[in-house]
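The structure is shown first.

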Amino acid sequence: MQVASMHFTARARASLNDEQLQVNLRKFQGKFVPARRDALRELTDFEGTREAARAIRQRALDNLDTWLEIFEANAKASGATVLWAETSADINRLVLEIAARHNVGKIIKSKSMVSEESALDHAIEAAGLTVIETDLGEYILQINDYEPPSHIIGPALHKSKEEVAALFSKTHKTERKSDIQALCLEARGVLRQHYLTADMGITGGNFFVAETGSVVVVTNEGNATLTTTLPKVHVAISGIEKIVPTLEDVATLMRLLPRSATGQSISNYVDILTGPKGADHINGPEHMYFILVDSGRTAVLGSEVREALRCIRCGACMNHCPVYQNIGGHSYGWVYPGPIGSILTPMYVGLENALDLPQASTFCNQCGVVCPVKIPLPDLQRKLREQEFARGLRPWYERTGLRIWAWFAKRPRLYGLASRIGVRALRALPRRDGMISRLPFALASGWTAERDFPAPAGKTFRELYRE
Amino acid sequence: MRVGFFVTCLVDLVRPSIGFAAIKLLKAGGATVYVPPTQTCCGQPAYNSGDRADTIALARKVVEEFEGCDYLVAPSGSCSGMIKTHYGELFAGDAAMERRVAGLAAKTYELTDFLVNVLNVKETAGRYKGKITYHDSCAGLREMGVKTQPRVLLAGMPDIELIEMADCETCCGFGGTFSIKYGDISARLADNKCVHVQNTGADAVVLGDLGCMMNIEGRLRRRGDAKTRVFHVAEVLAGEGG
């Protein structure tokens, strides 16, 4: 996907002023947050389960190469083909090679965020093939001229029912529906024909299981089940970090994934897929491929933000993020929005292309406390801020301001003098009811652009205490 | 018991009355208060801006100033959280400093937590009359575990009524320099907070961090609310508010 993260500030502002989007965002926030809270009450030991999930994911990452080799051997033994994509361009190339090998004309897809990284749909269409997204959210975005997703599990949740109804009516040339069930039935009617006529199905992968060589696909609509059973070829695409050692590990992680994501005890469908159709099987693909994607992941593994790779893509961090809740996912400008996206995006597309993302956080740590695999999201964002600072990627006035402040803060006598002068100068500014409505200087005026500033007492605490 | 009082740079500059209120509460609770005269800032502005070298220098300064005390207490969850939960990481690999930092972290407290859990304060001098609502500042809540402590102390006043606002644990949008760098996002978060405060019908919003106070008060006034008062919990408990 094209990177638009440099437009963060402008997009955030536009989103704040988009009244319809604000209504849609509030509706979404009112759903996922309480649903998660209630679902987690079902667990007798949430913190214990969370620690176990953290340990499982960390164990996989600590010996990633070994688990990947075990996975490859077991997947091959089950009759599947394992392919490796070093870059995101390799994903597109491999998919098109597989399609050519099996004379594929039409491809159906269930949701894969990794394929968004490489804009796979565009590559498929450019090669003259047809691709149909079957996840309802992804389908809505596809027929809206490939609008980018705004959330990793609800890619179209920035849209209202009415917006979707208008889009369906226009695209399907049908009468405009007014309720959600009718809209779902309409989409189902359209998608069913594609399932039956597609030659190849592409899915993402929530987990790759090393001990069995399987892929686990978690969905609510059943579209992945159809995508992986009806066409003659199944291709599962996901990042190399999605590996877990055992099926037992999957069971533990699944206690937290749907609960953290949508507040469901379990998602409607969980497909565990191992190898192509056997001789004694009725359903299933004749050919099964895995595309395991690096595309920046080994670089993250070797960096100081490696813990971000534990992510199981539940979306809880963004659902609970006050910044995401108010600006929505498009502001972040790439595949992964919110707190986890503010780490992954700079790492995958280059820090210099996503300077705002690690900065645009209040560090309230609501994301950190809800993360089911205990990723210290603000701490990792701070690491990226350190890199920006060290590489001189912050504006000159910020660096200079910080340098002057720190110079004084390390010298108590001069700091005391400067602060005594400072509070007296502020005292001299015009004010009303004890509040200053305009501060001088670039940095300070940023404060009074949005809010008043309480006029200081005129003397510092240290001064008064000495007296 | 010698309590080292960490004033915090914001209280020093903007609202010294909070510092005096806190000292009054500590003394009333039986502590001997010592205010190291050379203190400036915990280093959090540098830390969150990615300036590690200056953060380390300031952290070392705080450790030297306070490690001789029995406790370090700050009228802020944010600054005490910085010292207690982040200093350690700054000196990773330097065993001697790690030990000193761990020693200081173990005796670092946010004010209300210290009053309730160390000094066992049950009642304070405050006699605030009226309806208040309490905002849980992020670092106090999520780094220092401050939730019930201020409420217990406030509830000890006979004429105070605490009305909980919706989303009292949601960030007010301050976030240090975030409030300046992303002013419009920050203001929207503050707007949400202002509305939740106003919806309670409380006369005042009370909280434990001056940064959040300045943000909420500044935004309330900018929105034209000259009525809702904004107090630090120390001011109310020490009888200086209301």
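In this predicted model, A:Ile291 touches A:Leu83, A:Ala85, A:Ile91, A:Leu94, A:Val235 and A:Ile237, leaving aside residues up to four places away in sequence. A:Ile291 belongs to the largest nonpolar core, which has 188 residues. The members of this core that touch the most other members are A:Val235, A:Leu253, A:Ile291, A:Ala308, B:Val73 and B:Val206. In soluble globular proteins, nonpolar side chains tend to be buried together.

Chain A is divided into domain 1 (5-298) and domain 2 (396-466). Their C-alpha centres lie 51 Å apart.

Helix 3 of chain A covers residues 46-62.

| Item, helix 3 of chain A | Members |
|---|---|
| Buried residues | A:Arg50, A:Ala53, A:Ile56, A:Arg57, A:Ala60 |
| Exposed residues on the other side, as listed | A:Glu47, A:Gly48, A:Asp62 |
| Cover of the buried residues includes | helix 4 (64-77), strand 8 (243-244), helix 12 (247-261) of chain A |

Why do the buried residues of helix 3 of chain A line one face of the helix? Seen down the helix axis, they fall within an arc of 120°, so they line one face. An α-helix has 3.6 residues a turn, so residues three or four places apart point the same way.

Key
Residues numbered from 1 in each chain as written. Chains lettered and ligands numbered in written order. Predicted model: local features only at pLDDT ≥ 70, side-chain atom pairs only at ≥ 80, totals over all residues. Core = buried A, V, L, I, M, F, W, Y, C linked by C-beta atoms within 7 Å. Buried ≥ 20, exposed ≤ 12 C-beta atoms within 10 Å, placed from the backbone. Contact = placed C-beta atoms within 7 Å. Domains from an automatic or database assignment. Helix = DSSP H or I, 4+ residues; strand = E, 2+ residues; numbered from the N terminus. Expected span 1.5 Å × (residues − 1). Arc of directions from axis to C-beta.
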